[in-house]
Amino acid sequence: MLFSVDATNQVIYQLFCLTEELKQNKLRHYLKKDKNGVELLIYSQNKNKLNTLVQSLKNYNISAKISLSKEDK
């Protein structure tokens, strides 16, 4: 599943919070950062866990959504 993150002003803080939440939820992931933004691939089929993560990220002003990865479409 592809997990999109829109990180703007507080990019460093938000990325730190994001990686900490991923560790706490024990979610295996791949993070790609470039000038266009951040893309995160999370290796999980557990939608409840992913939805909980999306809700937790709102505490850090991180907008996120869950969608299938390009390979899974």
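Which residues of α2 are buried? In this predicted model, where local features need pLDDT of at least 70 and side-chain atom pairs count only at pLDDT 80 or more, the buried residues of α2 are Leu-50, Leu-53, Val-54, Ser-56 and Leu-57. Residues are numbered from 1 along each chain as its sequence is written, and side-chain values use heavy atoms, with hydrogens and water left out.

Buried means under 20% relative accessible area, exposed over 50%, and partly exposed in between (1.4 Å probe, protein chains only). Helices (H or I, at least four residues) and strands (E, at least two) are DSSP runs, numbered from the N terminus.

The buried residues of α2 lie on the same side of the helix, because they cover an arc of only 165° around the axis, taken from the directions from the helix axis to the C-beta atoms. An α-helix has 3.6 residues a turn, so residues three or four places apart point the same way. Exposed Lys-47 and Asn-48 are on the face of α2 turned away from its buried side.

One aromatic pair turns up in a search of the whole structure. Its members are Tyr-13 and Tyr-60, 6.3 Å apart centre to centre with 70° between the planes, which is edge-to-face (rings of Phe, Tyr and Trp, its six-membered ring, pair with centres within 6.5 Å; planes under 30 degrees apart are stacked, over 60 edge-to-face, the rest tilted). Tyr-13 lies in helix α1 and Tyr-60 in the loop between α2 and β4, so the pair ties together parts 47 residues apart in sequence.

| Residue | Relative accessible area | Class |
|---|---|---|
| Tyr-13 | 46% | partly exposed |
| Tyr-60 | 21% | partly exposed |
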